[in-house]
Amino acid sequence: MLLSELLQGIEHEGSLPDREIDRITCDSRIVAPGDLFVCVKGARFDGHDHASEALAAGAAAVVTERDLGLPEQIIVPDGRIAYALLCRNFYHNPQRGLRLIAVTGTSGKTTITFLLRDILRAAGKRVGLIGTIQNEIGEMVISSRHTTPDPWQLYSVLSRMKEAGMEYVVMEASSFGLHQHRMEGLHFECAVFTNLSHEHLDYHNTMEEYYQAKKRLFTVCDKAVVNYDDEYGRRLIGELSCPAATLSLSSDEADYTAHTITYSAEGSRFIVVHGSDIGRVAIRMPGAYSVQNAMCALAAACEVGIPFEQAAAGLCESHGVLGRMELVECDLPFTVIRDFAHSPEELRNVLVTVRAFCKGRVVALFGCPGERDRTKRPEMARQVAENADQAILTSDNPRGEDPRQIINDALPGFTGSPTPVQVIEDRFDAIRWAIDFCREGDILLLLGKGHEDYQVLSFGSVYFDERFIVQQIVRSRHDQDSI
């Protein structure tokens, strides 16, 4: 595409002879001849420091936020915004013809997008999905590296979705993605707010900054769906400029209200009331927060035009979400569940939920992520101490941090608690110990990894699928018993 076409609608200074652009990138390490290099400032690196290198590598031009004295430069007010809009123009604004729905909040984004996808598919719609676990173009699955992709990847996959005839695109909108303008240039038919709790403060610094990042989504949508039961949700409702539909598990003031909720290890049942519409719903995920997520998906589907009865029926047909309160199939006399819970509030929600129907002991295996907010580690441990009968403290994704130091940061959360804690640094060994420890009627919770089939260590990622690991340990035990 010609440089002049890419720059249409983007505020900039500088005039260069028109030229063909083959690709747009903000990564100086991969610049190739014919690329347009955009200088983006990050927490650790500043693309402006590598603009000359990009030109030397063959870049057709560089986009900067200030005058670098380079012959092939274009100056823009904000590099991140320009990068996203350039990518949008390169892919011919693929959102035209697509109906976009975005979900944001601390927790529940993945579950809601999957449930919403299932509702729309059951209604006969062609649906694309963008999120944490994977991206989907209809039945085609594409691996995902980030909850909200880099603009080049995002607009590329949207373009492919449009070409494949998708009608709807359901996507997760992370606070990182919103703050970094990864979705700049997109407009959403509906945006969903789930909740806000202590998370990512190593990046956003304060809860107010975190909230303001989430709030950005609701300046580029036609209508909102908001969780009325969340404190920040109620605040958001009063600050919106677009129409909002609300949902609640307890208040009849909301537009969508859940009644007569029952939980079991197999899932949840409840009745949804929306005006004169009343529907019975059964989902394959237990817990109040699962019902809340289901209500978000149902409300969003109705707000974009799916009839209430059809939306409720589609929700009942959903098989749940990988790594979210997922029963691990294994030949054991107790139940094993894996979940992605990796914040204090998420841990509490899962543990309280399981406590309600557990006939034996609640055994919680968890760790704290490395190179993430250290202040939440003792609070994570405290939630486990208060809500489990046995804790196993191990590694999560330590990344470049010392796993033992991460564990030591968490241990103060058990101070004064009668709940016993077993510290086993190696997560595989911890799972094996937990399986040996559990007995009939217990529920073993594997927390923090969820859908992930890898573990991030100091030297890189290694394969680590907890479903497979549990089954492997069980097979090994059965083989020993048969000798």
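Predicted model: local features only at pLDDT ≥ 70, side-chain atom pairs only at ≥ 80, totals over all residues.
On the H4 side, the contact residues are Leu115, Asp118, Ile119 and Ala122, and they meet Ala311, Gly314, Leu315 and Glu317 of H11. Sorted by class, this contact comprises five nonpolar residues, one polar residue and two charged residues.

As to geometry, H4 and H11, the latter spanning residues 308-317, pack at an angle of about 120 degrees, and their axes lie 8 Å apart. H4 is therefore oblique to H11. The crossing of H4 past H11 is right-handed.

I turn now to the other helix that packs on H11. Helix H10, residues 288-303, meets H11 at an angle of about 145 degrees, with 9 Å between the axes. H10 also passes H11 in a right-handed crossing. From H10, the contact involves Ala294, Leu298, Ala301 and Cys302; from H11, it involves Phe308, Ala311, Ala312 and Leu315. What is the class composition here? The contact of H10 with H11 has eight nonpolar residues, and no polar or charged ones.

Finally, H4 brings us to a pocket. The second largest pocket has a volume of about 280 Å³. Its lining consists of 16 residues, of which Arg284, His319, Gly320, Val321 and Glu326 are the closest to the centre. Two elements, helix H4 (109-122) and strand E16 (326-327), each give two or more residues to this lining. By class, the lining of the second largest pocket holds eight nonpolar, two polar and six charged residues.

How values were computed
Residues numbered from 1 in each chain as written. Heavy atoms only, no water. 1 Å grid on protein atoms, 1.4 Å probe; cavity = no way out; pocket = protein on both sides within 12 Å on 5 of 7 lines; lining within 4 Å. Points joined across faces, edges and corners; volume = space filled by probe spheres on them. Helix = DSSP H or I, 4+ residues; strand = E, 2+ residues; numbered from the N terminus. Nonpolar A, V, L, I, M, F, W, Y, C, P; charged D, E, K, R; others polar. Axes fitted to C-alpha atoms, helices over the stretch in contact; angles between N-to-C directions. Parallel < 35°, antiparallel > 145°, perpendicular 65-115°, else oblique. Left-handed = near helix turned anticlockwise from the far one by under 90°. Contact = heavy atoms within 4.5 Å.
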